[in-house]
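Biologist: Hi, could you walk me through this one with me? I'd like to go spot by spot.

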Amino acid sequence: MADIAAAVLAEAAEQDKKYASIVVEKPIELELDVGNMLAIDTNQIDQSKLLDSEEREEFLHELARENTQILINAIWGLPTERVEEVVVAKFPPPQFKLPREKPVPKPRVPTKWEKYAQEKGITKKKKKDRLVWDDVVKKWVPQFGYKKKQAENEKNWLIPIKEGPNPNLTPHEKMEEDKKERKAKNELQRLRNIARAKNVKVPSVGVITPSGAGTKTVGFSDELKNAAEVVKNSTASLGNFQPKLNKQLEKSAKTSGKKRKFEPNIGNSGQEKERNLGILESITSKQSKLDINAAVGKKINQEDNERAEERKSQKGKKGGKKTGGKSKGRPKGNANKGKSKSAPGKKR
């Protein structure tokens, strides 16, 4: 009987450990910051259990459970509200300023349309519905996403052909091209917004900028100046009869290059006759025309080259004798004189 009672008591103790009470009492109440979900326990810790290797794990587990239970009890005491069929608690503002691991993210740079809408006071439209009733096919069709293309094919099975520049282009092909153009335009606008947010200069439409690793990045003002200069030089009058542009562009767009000069329609007939006779003579004459100045210059240049070649060859010969060491020719003059004279008092 005693064994049965001990087993029941042990089982009850295990149940108490497994399902502990939500009411936790502490000698010193915890300092709670519900906004940060933070609980600070200033109670004294039992050093004997903390230093004991057998009881340390269980002691820390029990301490963490009690402090977490106190924090959860405080959260359940907050006012609640229902948001989209879910009950949420209204947290108070945090009391402690905790340090961040990373810097505070910068606010997103608004797009060009968002800036315009904010200046004009345009409010955001209501979210587009997923399905809409179509009077042509007499059913609910999706406005975007899944089965949108199938609904468009059912709706536009018959399209009247309108007069246009390309009579061979079918309406379905025209719709596909328009759709590709819209997608490309949206993608370009998206990239422009990203470049504007990252402060990257994007070339304007119609201005060709140099590309490559060694090229210099040009700004909007440089691009406009170059474009104004190209446009001004593209006319025969080099922009003399064009309307004036902005003062900044007009000053910078200087005309470069030589302007073509034409002979006047009314002038000296004698000069024109002489010039035409000279052209006719150069075409009909069989003898080659000799330019005396060019021939003399060519002859002088040829003689100078020949003299330079002779000097180089003479320097090469002299240098070869010097680098050969001592010469083994006849002896010097003093030695020859001594050998040629006979000794005094002797006869040959």
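Biologist: Where does N43 sit?
Modeller: N43 is in the loop between β2 (38-40) and α2 (47-51); helices (H or I, at least four residues) and strands (E, at least two) are DSSP runs, numbered from the N terminus. This is a predicted model, where local features need pLDDT of at least 70, side-chain atom pairs count only at pLDDT 80 or more, and totals for chains, interfaces and linings use all residues. Residues are numbered from 1 along each chain as its sequence is written, and side-chain values use heavy atoms, with hydrogens and water left out.

Biologist: Is N43 buried or exposed?
Modeller: N43 is buried, at a relative accessible area of 15%. Buried means under 20% relative accessible area, exposed over 50%, and partly exposed in between (1.4 Å probe, protein chains only).

Biologist: And what does the side chain of N43 reach?
Modeller: The backbone nitrogen of I28, at 2.9 Å. The side chain of N43 also makes a polar contact of 2.6 Å with the side chain of D41. A polar contact is a pair of N or O atoms within 3.5 Å; within protein, one must be able to donate a hydrogen and the other to accept it, and residues adjacent in sequence count only if both atoms are side-chain atoms.

Biologist: Which residues does N43 touch, not counting those up to four places away in sequence?
Modeller: K26, P27, I28 and L30, with contact meaning heavy atoms within 4.5 Å.

Biologist: K26 and D41 have both come up. What are they linked in?
Modeller: A network of salt bridges that joins K26, D41 and E66. A salt bridge is a side-chain nitrogen of Lys or Arg within 4 Å of a carboxyl oxygen of Asp or Glu.

Biologist: How many salt bridges are there in the whole structure?
Modeller: The search finds 13. One of them pairs R65 with E62, the closest N and O atoms being 3.9 Å apart. R65 and E62 are three residues apart in helix α3 (residues 56-76), so about one helical turn separates them. R65 is partly exposed at 24%, and E62 is partly exposed too, at 35%.

Biologist: What does E154 pair with?
Modeller: E154 forms a salt bridge with K139, with the closest N and O atoms 3.0 Å apart. E154 lies in helix α5 (residues 148-155) and K139 in strand β6 (residues 139-142), so the pair ties together parts 15 residues apart in sequence. The relative accessible area is 33% for E154 and 36% for K139.

Biologist: Switching to α6, how far apart are its end C-alpha atoms?
Modeller: They are 39 Å apart, which agrees with the 39 Å that the 27 residues of α6 (residues 171-197) should span at 1.5 Å a residue. The expected span is 1.5 Å times one less than the number of residues.

Biologist: Which α6 residues are buried, and what covers them?
Modeller: P171, N193 and A195 are buried in α6, and the cover includes α4 (112-120). Within α6, R190 and E187 lie three residues apart, about one turn of the helix, and their side chains meet in a salt bridge of 2.6 Å, N to O.

Biologist: Last one: how many residues of α9 are buried?
Modeller: Zero of its 16 residues, so α9 lies largely in the open.
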